[in-house]
Every structure is written in C-alpha cells, then in structure tokens.
Amino acid sequence: DFWAIKKSLKPNDFVYFDPPYHPVNLTSSFTSYTKVGFGEDMQVKLKELCDYINQIGAKFMVSNSYTPMIIDLYKNYRHTSVEANRAINSKASGRGKIKEIVIRNY
C-alpha cells in the first residue's frame, strides 16, 4: 500500500509514483497489479498523499495516462505531456506512441 510511506516521509525527500494508469478509454481496463485494483478512488487517494508530500516540503513525481480526470485531479501542480512508445498490445493498432502525463510539485 503506497499510503504506508506517509509515516516515514520527511522534508526534502523525493518520491516517484508509477501507479496503474487511469484508463484512456473503455477498452484499456488494466488498472491493477493485485486483486485489490486501482480505480479512480485510489487515484484520488494517491493525489491526497501527493498533497501531503507537498505540504511537508518534500518533492514528488507521478506518471500516469493523459486523461481529463488525471489532468483535473492534479491541476494545481506542474505537468508535462510526453509521448511514450508502447510495443505490447493485443491489437497491433494499439501499439506505438501514446500520450502520458508527468506531474510534479517542483
């Protein structure tokens, strides 16, 4: 559970999060590495931890899919869109470049 790091965070720490990405469409439904899942509620919980990290004077970076929900969730932080190559997809048409977002508080 990513929330477990909260008690050990200190000012000037740096944390990088690479969560299961928010689905970009109805067919991109991989949202977990475990049976618990990582839905929109977990995306919000992660953002709340980022707010805490920012509040204590530490730094964070989050990578995620470039979706309206993620953009809005982190609207008060710096973000950059990047093109990432995807070589694995069950459909060949789904391979290639995909837009992602990198969010940070520094």
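**Entry 1**

I looked up Lys-75 and found 54% relative accessibility, so Lys-75 counts as exposed. The cut-off for exposed is over 50%. I note here that this is a predicted model. Next I asked which residue forms a salt bridge with Lys-75. The partner is Asp-72, and the closest N and O atoms are 3.4 Å apart.

How many salt bridges does the structure hold? I found three.

One of them joins the side chains of Lys-10 and Asp-13, at 3.9 Å from N to O. I put that value beside the limit for a salt bridge, which is within 4 Å. Lys-10 has 49% relative accessibility, so I wrote it down as partly exposed.

Another joins the side chains of Lys-47 and Asp-51, with 2.9 Å from N to O. Where do Lys-47 and Asp-51 sit? Both are in helix α1, which covers residues 40-55. They are four residues apart there, so about one helical turn separates them. Then I looked at cover. Is Lys-47 buried or exposed? Lys-47 is buried, with a relative accessible area of 17%. The cut-off I used for buried is under 20%. Asp-51 has a relative accessible area of 25%, so Asp-51 is partly exposed.

**Entry 1: Aromatic pairs**

I turned to the rings. The structure holds five aromatic pairs. I started with Phe-2 and Trp-3, whose ring centres are 6.5 Å apart. Their planes stand at 70°, so I logged the pair as edge-to-face. The angle cut-off for that label is over 60 degrees. Phe-2 is buried, at 17% relative accessible area. Trp-3 has 26% relative accessibility and counts as partly exposed.

I then looked up Phe-14 and Tyr-106, which also form an edge-to-face aromatic pair. I noted 6.1 Å centre to centre and 70° between the planes. Which parts does this pair tie together? Phe-14 lies in strand β1, residues 14-17. Tyr-106 lies in the segment after β4, and that strand spans 96-104. The pair therefore ties together parts that are 92 residues apart in sequence.

Which residues do ring pairs link into a cluster? My list reads Phe-2, Trp-3, Phe-17 and Phe-38.

**Entry 2: Around Tyr-106**

I stayed with Tyr-106 for a while. At 31% relative accessibility, Tyr-106 counts as partly exposed. Phe-14 is partly exposed as well, with a relative accessible area of 47%. What do Phe-14, Tyr-16 and Tyr-106 form on the surface? They make a nonpolar patch, with about 300 Å² of accessible area together. The patch rule asks for over 30% relative accessible area, and Tyr-106 has 31%.

I also checked for a charge over the Tyr-106 ring. Arg-104 lies over its face, at 5.4 Å from the ring centre.

**Entry 3: A charge over another ring**

Which residue lies over the face of Tyr-52? I found Lys-6 there, at 4.6 Å from the ring centre. The distance limit for a charge over a ring is within 6 Å.

Methods: Residues are numbered from 1 along each chain as its sequence is written. This is a predicted model: local features need pLDDT of at least 70, side-chain atom pairs count only at pLDDT 80 or more; totals for chains, interfaces and linings use all residues. Side-chain values use heavy atoms; hydrogens and water are left out. Rings of Phe, Tyr and Trp (its six-membered ring) pair if their centres lie within 6.5 Å; planes under 30 degrees apart count as stacked, over 60 as edge-to-face and the rest as tilted. Buried means under 20% relative accessible area, exposed over 50%, partly exposed in between (1.4 Å probe, protein chains only). Helices (H or I, at least four residues) and strands (E, at least two) are DSSP runs, numbered from the N terminus. A charge sits over a ring if NZ of Lys or CZ of Arg is within 6 Å of the ring centre and within 35 degrees of the ring normal. Patches are made of residues with over 30% relative accessible area and no salt bridge: like charges are joined within 9 Å, nonpolar side chains (Val, Leu, Ile, Met, Phe, Trp, Tyr) within 5 Å. Accessible areas come from the Shrake-Rupley method with a 1.4 Å probe; for residues, only the protein chains shown count as cover.
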